[in-house]
Amino acid sequence: MVSINQLSVETLFEAVRTGDRAMIGRAITLVESRNAKHQEKAQELLHKLLPFAGKAQRVGISGVPGVGKSTFIENLGCWLTGEGHKVAVLAVDPSSSRTGGSILGDKTRMDLLSADENAFIRPSPSAGVLGGVARATRETMVILEAAGYDTVLVETVGTGQSETMVADMVDFFLVLMLPGAGDELQGIKKGILELADMVAVNKADIFEQKLKQAMREYKSALHIMTDASPTWHPPVVACAGLTGTGVPELWARVEKHRKLMDASGERQQRREQQRLYWLKSQIQDRLLDSFYASEDVAGNWESIEAAVKDGKTTVSTATEKLLALYSSK
Ligand SMILES: Nc1nc2c(ncn2[C@@H]2O[C@H](COP(=O)(O)OP(=O)(O)O)[C@@H](O)[C@H]2O)c(=O)[nH]1
Ligand SMILES: [Mg+2]
């Protein structure tokens with residue numbers, strides 16, 4: 001196979017546009033790379049692809065480990081390709097490395113979808129700072145959209161920061177829940193419910209009794225929250241990813257959301273806000289990197305740190321000193 005360094009941006013561009021899967025994979029590798037040369041090339045490629053991107057329905061799928069996200073995506077994905085869609089599945093797991101990541105392990109749950117020529121599955125970019133994973137994932141979406149994938153499903157590990165991160169890069173954020181978790185609703189689940197455009201109570205096939213009660217509880221929890229959109233109140237639905245029960249009905253709601261958001265202009269607005277958010281976030285990351293990488297800062301760090309620890313100087317004075325050292329370069 002030709003090395004990535006030998007592939008021209010033009011070649012990659014043409015291949016991505018024709019939907020060449022092997023080359024799409026390599027373009028993604030380029031985007032994920034932290035090598036400066038690769039990054040430069042990746043940015044050039046992305047600029048060429050940008051006019052052809054942005055048209056997919058981007059859906060984040062979240063929920064605690066074991067709730068059934070991968071199984072659900074396998075079922076939904078196969079159903080969607082059956083309906084004529086081209087489906088890309090991305091995973092976001094900042095804790096994972098390519099070999100040991102929990103989501104990659106789940107790839108076995110997507111056997112059918114993996115073999116589907118109208119689907120493209122990509123595991124999480126390997127561990128690194130959260131911001132790096134976010135950047136790679138967003139730029140990968142551009143590649144996949146320009147390659148003709150009209151639906152992008154993003155699975156999250158279902159823990160804290162990665163959920164907010166994914167919610168900030170999709171058009172629709174779906175939260176899978178299990179029945180019987182009602183008691184815990186007050187605590188951990190509240191934060192994620194605030195991000196939800198829809199809650200799906202999953203594994204409906206084995207939770208007949210508790211299902212109705214759980215749906216009621218999630219409904220009332222959502223009821224007392226302020227809706228993020230004036231046009232949409234997050235519904236609570238039931239489904240079973242394993243059997244496919246409720247999956248087409250669930251997707252009909254996602255489509256309805258898209259129509260409403262398109263009509264009201266909120267879809268466009270949400271994307272604009274997301275881009276600005278990522279711009280600011282990336283600037284913060286870059287500034288921090290550059291701050292800690294500065295020789296003047298690094299050279300004085302230990303002594304200033306020690307003075308702060310021992311209470312010999314104030315945090316404010318230390319901050320001023322370090323920032324002065326940084327900006328004097
Ligand atoms: N009964 C039932 N089991 C399910 C369903 N969806 C997933 N499971 C099972 O739940 C376990 C975790 O599923 P998985 O998709 O890996 O969850 P994830 O960690 O959220 O991605 C597996 O053993 C699945 O077979 C469902 O709809 N019904
Ligand atoms: Mg999974």
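# Contacts, rings and burial

Mentor: Let's start at the ligand: a backbone N or O atom of G241 lies 3.1 Å from an oxygen atom of ligand 1. Keep in mind that this is a predicted model.

Trainee: Which polar side-chain atoms lie 2.9 Å and 3.0 Å from an oxygen atom of ligand 1?

Mentor: For K203, a polar side-chain atom lies 2.9 Å from an oxygen of ligand 1. For S70, a side-chain N or O atom is 3.0 Å from a ligand oxygen. Taken alone, ligand 1 exposes 590 Å², and the protein buries 81% of that.

Trainee: How many residues surround ligand 1, and which are the closest?

Mentor: There are 18 residues around ligand 1, the closest being G66, K69, T71, R109 and D205. Helix 4, residues 69-82, gives the most to this shell, with 3 residues. By class, the shell divides into 6 nonpolar, 6 polar and 6 charged residues.

Trainee: Back to K203. Where is K203 placed?

Mentor: K203 is in the loop between strand 6 (198-201) and helix 10 (208-223). Its phi is positive, about 60°, although K203 is not a glycine.

Trainee: Why is K203 called partly exposed?

Mentor: Buried means under 20% relative accessible area and exposed means over 50%. K203 has 27%, which is in between, so K203 counts as partly exposed.

Trainee: Now the rings. What makes the pair of F291 and Y292 edge-to-face?

Mentor: Two tests apply: ring centres within 6.5 Å make a pair, and planes over 60 degrees apart make it edge-to-face. The centres of F291 and Y292 are 5.0 Å apart and their planes meet at 80°, so both tests are passed. F291 is also paired with Y326, with 5.5 Å from centre to centre and 70° between the planes, so this pair is edge-to-face as well.

Trainee: Why does the pair of F291 and Y326 tie together parts apart in sequence?

Mentor: F291 lies in helix 12 (residues 266-293) and Y326 in helix 14 (residues 315-327), so the pair joins parts that are 35 residues apart in sequence. F291, Y292, W301 and Y326 form one aromatic cluster, and the structure holds 7 aromatic pairs.

Trainee: Are F291 and Y292 buried or partly exposed, and how do you know?

Mentor: F291 has a relative accessible area of 12%, under the 20% limit, so F291 is buried. Y292 has 49%, between 20% and 50%, so Y292 counts as partly exposed. Y326 is buried.

Trainee: What does the charged end of R17 sit over, and what does that of K86 sit over?

Mentor: The charged end of R17 sits over the ring of F52, 3.8 Å from its centre. For K86 the ring is that of Y149, and the charged end is 4.5 Å from the centre. The distance limit is 6 Å, so both values pass that part of the test.

Trainee: Why are L90 and M177 called buried?

Mentor: L90 has 3% relative accessibility, under 20%, so L90 counts as buried. M177 has 3% too, so M177 is put in the buried class. L90 is in strand 2, residues 87-92, and M177 is in strand 5, residues 172-177.

Trainee: What puts G19 in the buried class?

Mentor: Its relative accessibility is 17%, under the 20% cut-off, so G19 counts as buried. G19 is in the loop between helix 1 (9-17) and helix 2 (21-32). G19 and A146 are 127 residues apart in sequence and 8.6 Å apart in space, C-alpha to C-alpha.

How values were computed: Residues are numbered from 1 along each chain as its sequence is written. Chains are lettered from A and ligands numbered from 1 in the order in which they are written. Side-chain values use heavy atoms; hydrogens and water are left out. A residue is near a molecule or strand if one of its heavy atoms lies within 4 Å of it. A polar contact is a pair of N or O atoms within 3.5 Å; within protein, one must be able to donate a hydrogen and the other to accept it, and residues adjacent in sequence count only if both atoms are side-chain atoms. Accessible areas come from the Shrake-Rupley method with a 1.4 Å probe; for residues, only the protein chains shown count as cover. Helices (H or I, at least four residues) and strands (E, at least two) are DSSP runs, numbered from the N terminus. Ala, Val, Leu, Ile, Met, Phe, Trp, Tyr, Cys and Pro count as nonpolar, Asp, Glu, Lys and Arg as charged, and the others, Gly among them, as polar. Rings of Phe, Tyr and Trp (its six-membered ring) pair if their centres lie within 6.5 Å; planes under 30 degrees apart count as stacked, over 60 as edge-to-face and the rest as tilted. Buried means under 20% relative accessible area, exposed over 50%, partly exposed in between (1.4 Å probe, protein chains only). A charge sits over a ring if NZ of Lys or CZ of Arg is within 6 Å of the ring centre and within 35 degrees of the ring normal.
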